[in-house]
Amino acid sequence: MGRDLAAEFPVARRTFEEADARLGMALSRLCFEGPEEVLRATENAQPAILTASVAAYRVLVETTGLAPAAVAGHSLGEWSALVAAGALALGDAVAGVRERGRLMQEAVPAGEGAMAAILGLEAEAVAALCAEAAAGDVLVPANLNGGGQVVVAGHTRAVNRLLPLAAAQGARVRLLAVSAPFHCPLMEPAAGGLARHLAGVVFHPSRLPVVTSVEARPVRDAAELPGLLVKQVTAPVRWEETVRALAALGATLALETGPGRVLSGLTRRIAPSLVSIPAGDADGIALAREALAA
């Protein structure tokens with residue numbers, strides 16, 4: 001993850017070096033070489049994904065003159081968006097998401113929480129099924145991803161009760177390989193810890209609109225940002241509404257700078273008028289450069 005960018009672009013290499021220095025660990029080596037089981041630990045994965053995302057963004061800015069109209073991120077990606085918008089220093093962001101990952105991992109004992117993807121049902125139908133399956137446990141929609149995709153989170157036993165109910169209504173269901181049930185009330189202890197951490201972090205007014213996934217609206221005010229990041233830990237990711245808000249700002253091209261291409265696929269389904277390009281590696285950046293030059 002990010003190795004091709006660091007090898008080809010000095011600005012990407014400097015981004016990884018900056019993250020290494022702030023965390024006091026060889027995050028870059030973990031990204032480039034693994035081992036995968038260590039990289040997948042939430043407290044490592046979150047700063048790793050953030051650093052790779054910011055590295056790709058900085059390469060785009062340096063090589064294309066990219067000047068975004070707005071930025072947004074899906075869950076963790078919102079921290080990367082804040083760095084891109086100048087609202088949060090990279091060092092503060094990687095330290096913040098490492099703490100966020102640690103707090104999230106510790107909030108729920110291993111095995112007690114789960115997440116599952118429900119495909120083919122509208123969000124309202126999934127919410128009703130969650131209420132039916134909860135039976136006194138926690139079970140809520142966690143990612144409102146659009147395109148008929150809703151991810152739920154809560155107690156493992158409640159998720160297991162939900163799956164056959166959703167399947168009976170014609171949905172495709174899939175348990176997700178996650179280390180904790182994110183974006184649900186079980187994360188309250190993590191939200192409290194993150195609030196205490198962010199009390200010592202400096203935020204700046206954003207240079208461009210950051211469409212927050214918590215409220216699906218553009219934000220620039222530095223005073224609002226810490227509270228939104230804290231709320232995000234327990235609130236659902238309103239990704240479909242976020243993409244529609246970006247399109248309403250007049251966006252015609254969406255560049256996904258994080259590793260992978262999941263958001264590009266979702267964006268195409270939500271707002272077909274948006275040209276969506278995964279631009280998190282060297283090949284994607286070449287495609288983005290062509291699109292920006294057109």
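Analyst: Happy to. In this predicted model, helices H10 and H11 are roughly antiparallel to each other, because the angle between them is about 165° and anything over 145 degrees counts that way. H10 covers residues 188–198 and H11 covers residues 225–234, and their axes lie 8 Å apart. The crossing of H10 past H11 is right-handed.

On the H10 side, the contact is made by Glu188, Ala190, Ala191, Leu194, Ala195 and Leu198. Facing them from H11 are Pro226, Leu229, Val230, Val233 and Thr234. By class, the residues of this contact are nine nonpolar, one polar and one charged.

How enclosed is H11? Seven of its 10 residues are buried, so the helix is largely enclosed by the rest of the structure. The buried residues are Leu225, Leu228, Leu229, Val230, Gln232, Val233 and Thr234. Among these, Leu229, Val230, Val233 and Thr234 also take part in the contact with H10. H10 is one of the elements that cover the buried residues of H11, and the cover also includes H6, H7 (90–107), S6 and S7.

Two of those covering elements, S6 and S7, lead us to a sheet. S6 and S7 belong to an open sheet of three strands, ordered S1-S6-S7, with mixed pairing. The edges are held by S1 (71–72) and S7 (217–219); each has a single partner strand, so one side of each has no neighbour in the sheet. S6 spans residues 210–212 and runs parallel to S1, the two being joined by two bridges. One of the pairs to look for is Val71 with its bridge partner Val210 in S6. Helix H12 (residues 239–248) packs on this sheet, where it touches S1 and S6, and its direction makes about 150° with that of S6.

H6 (residues 77–84) packs with H5 (residues 42–64) at an angle of about 40°, and their axes are 9 Å apart. As with H10 and H11, the crossing of H5 and H6 is right-handed. H5 contributes Leu50, Ser53, Val54, Tyr57 and Arg58, while H6 contributes Trp79, Ser80, Val83 and Ala84. The residues of this contact divide into six nonpolar, two polar and one charged.

Going back to H10, the loop between S5 and H10 is worth a look. His183 lies in that loop and has a positive phi of about 60°, although it is not a glycine. With a relative accessible area of 3%, His183 is buried, the cut-off for that being under 20%.

At the other end of that loop is S5, which belongs to a second sheet. Here four strands form an open, antiparallel sheet in the order S3-S4-S2-S5. S3 (139–146) and S5 (172–175) are the edge strands, each with a single partner, so one side of each is left without a neighbour in the sheet. From one strand to the next, the twist averages 25°. Within the sheet, S2 (residues 113–119) and S4 (residues 149–155) pair over seven bridges in the antiparallel sense. Gly113 has His155 as its bridge partner in S4. Helix H13 (residues 262–270) packs on this sheet and touches S3 and S4, its direction making about 75° with that of S3.

Although S3 stands at an edge, six of its eight residues are buried, so the strand counts as mostly covered. S3 pairs with S4 over six bridges, again in the antiparallel sense, and Leu144 stands opposite Val150 in S4. The hairpin of these two strands has two residues between them, and Gly147 in it takes a positive phi near 60°.

Is Ala135 buried or exposed? Ala135 is exposed, with a relative accessible area of 61%, whereas His183 is buried.

Conventions
Residues are numbered from 1 along each chain as its sequence is written. This is a predicted model: local features need pLDDT of at least 70, side-chain atom pairs count only at pLDDT 80 or more; totals for chains, interfaces and linings use all residues. Side-chain values use heavy atoms; hydrogens and water are left out. Axes are lines fitted to C-alpha atoms, for helices over the stretch in contact, and angles run from 0 to 180 degrees between N-to-C directions. Angles under 35 degrees count as roughly parallel, over 145 as roughly antiparallel, 65 to 115 as roughly perpendicular and the rest as oblique. A crossing is left-handed if the near helix is turned anticlockwise from the far one by less than a right angle, and right-handed if clockwise. Contact means heavy atoms within 4.5 Å. Ala, Val, Leu, Ile, Met, Phe, Trp, Tyr, Cys and Pro count as nonpolar, Asp, Glu, Lys and Arg as charged, and the others, Gly among them, as polar. Two strands pair if DSSP finds at least two bridges between them. Buried means under 20% relative accessible area, exposed over 50%, partly exposed in between (1.4 Å probe, protein chains only).
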